[in-house]
Amino acid sequence: MIAIGLIDDHPLILTGIQSLFQDDPDICLRWAVSQPVELESQLDKTLVDVVLVDINLTTANGLELCKHLRKQYPTLGIIILTAYTETALIKAALRNGALGYLLKNAGHKEMSEAIRTVYQGKRYLSPHIQEFLLNESLGQPTNQSPGFTTQLTRRELDVLTLIVNELTSQEIADKLFVSLKTIETHRTSLFVKFGVKNTAGLVRIAMEKGLV
């Protein structure tokens with residue numbers, strides 16, 4: 001029996017995954033939490049084999065949480081569970097210790113396959129994710145400095161411009177009519193693509209490259 005845990009702050013996702021494995025004879029969902037502090041508490045009490053981690057948590061950066069889990073629990077299999085397909089986020093998740101990257105539209109069969117694969121210490125990428133990475137590898141190479149890419153989406157460029165104009169994440173969310181969580185995910189993606197750790201570094205490189 002493979003024991004798994006889940007952290008996601010979307011109630012429907014928590015309920016949905018719980019129902020997926022309710023009658024599974026080989027995989028048991030031991031617990032499902034919505035906050036990092038609850039995750040730590042559960043891992044200390046009931047260490048599972050594999051944990052599914054939402055990349056876009058309200059109170060935490062899923063990529064940083066992944067890195068923390070890898071350091072604190074070296075034997076723990078980590079699968080990123082997300083709706084985002086940006087290659088920069090995929091690569092960052094793998095660098096931070098995730099063995100799996102799974103889209104939230106995955107069904108029971110694919111999710112079970114991912115869990116079993118990661119449980120065996122192997123890497124699992126959703127077929128869609130494999131396709132994205134393959135397409136990128138076959139594309140024309142871009143001239144870029146280490147840790148930096150100008151392959152920004154239209155929305156990322158909008159968010160970047162507003163960040164440079166010193167708007168807060170909440171102000172950006174209000175201006176673009178999206179949720180605060182969406183803006184924080186775009187901000188994380190920008191940090192990854194620019195190879196920086198904070199807003200100051202993001203603004204500096206954006207201005208150096210003439211992006212804003």
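**Close-up views of a predicted model**

**Figure 1. Contacts across the whole chain.** Of the contacts in the chain with a separation of 6 or more, 64% join residues 24 or more positions apart. The model shown is predicted. The chain holds 10 helices and 6 strands. Its radius of gyration is 18 Å, close to the 17 Å that the globule rule gives for 212 residues, so the chain is as compact as a globular protein of that length. Along the principal axes, the C-alpha trace spans about 55 × 40 × 30 Å.

Figure 2. The accessible surface of the chain comes to about 11,100 Å². Carbon and sulfur atoms account for 52% of that surface. Of the 212 residues, 48% count as buried. There are 21 positive and 23 negative side chains in the chain. The centres of these two sets lie 6 Å apart.

**Figure 3. The largest nonpolar core.** This core has 33 residues. Leu-39, Leu-69 and Tyr-101 have the most contacts inside it. Helix α4, residues 87-95, gives the most to this core, with 6 residues. Which residues does Leu-39 touch, not counting those up to four places away in sequence? They are Ile-7, Trp-31, Val-33, Val-51, Leu-65 and Leu-69. Another core, of 19 residues, lies apart from the largest one. Among its residues are Ile-4, Leu-14, Leu-102 and Val-118.

Figure 4. Why is α4 described as largely enclosed by the rest of the structure? Of its 9 residues, 7 are buried, so the rest of the structure largely encloses it. The buried residues are Thr-87, Ala-88, Leu-89, Ile-90, Ala-92, Ala-93 and Leu-94. They pack against several helices: α3 (62-72), α6 (127-138) and α9. They also pack against strands β4 (77-82), β5 (100-103) and β6 (124-125). Just after α4 comes Gly-97, with a positive phi of about 110°.

**Figure 5. Arg-95 in helix α4.** Is Arg-95 buried or exposed? Arg-95 sits in helix α4. Its relative accessibility is 61%, so it counts as exposed, the cut-off being over 50%. Now look across to Gly-201. Arg-95 and Gly-201 are 106 residues apart in sequence. In space, they are 21 Å apart, C-alpha to C-alpha.

Figure 6. His-186 lies in helix α9, residues 180-194. Its relative accessible area is 10%, so it is buried, the cut-off being under 20%. Leaving out residues up to four places away in sequence, His-186 touches Arg-155, Glu-156 and Val-159. Helix α7 covers residues 154-164. Its buried residues include Glu-156 and Val-159. Leu-160, Leu-162, Ile-163 and Val-164 of α7 are buried too.

**Figure 7. Positive phi in two loops.** Where is Glu-166 placed? Glu-166 is in the loop between α7 and α8 (169-176). Its phi is near 70°, a positive value in a residue other than glycine. Glu-166 has 71% relative accessibility, so it counts as exposed. Phe-177 is found in the loop between α8 and α9. Phe-177 is not a glycine, yet it has a positive phi of about 60°. At 76% relative accessibility, Phe-177 counts as exposed.

Conventions:
Residues are numbered from 1 along each chain as its sequence is written. This is a predicted model: local features need pLDDT of at least 70, side-chain atom pairs count only at pLDDT 80 or more; totals for chains, interfaces and linings use all residues. Side-chain values use heavy atoms; hydrogens and water are left out. Helices (H or I, at least four residues) and strands (E, at least two) are DSSP runs, numbered from the N terminus. The radius of gyration is taken over C-alpha atoms; the globule rule is 2.2 Å times the number of residues to the power 0.38. Buried means under 20% relative accessible area, exposed over 50%, partly exposed in between (1.4 Å probe, protein chains only). Contact means heavy atoms within 4.5 Å. Accessible areas come from the Shrake-Rupley method with a 1.4 Å probe; for residues, only the protein chains shown count as cover. Lys and Arg count as positive and Asp and Glu as negative; His and the chain ends are not counted. The place of a charge is taken as NZ of Lys, CZ of Arg, CG of Asp or CD of Glu. A nonpolar core is a set of buried Ala, Val, Leu, Ile, Met, Phe, Trp, Tyr and Cys residues joined through side-chain atoms within 4.5 Å.
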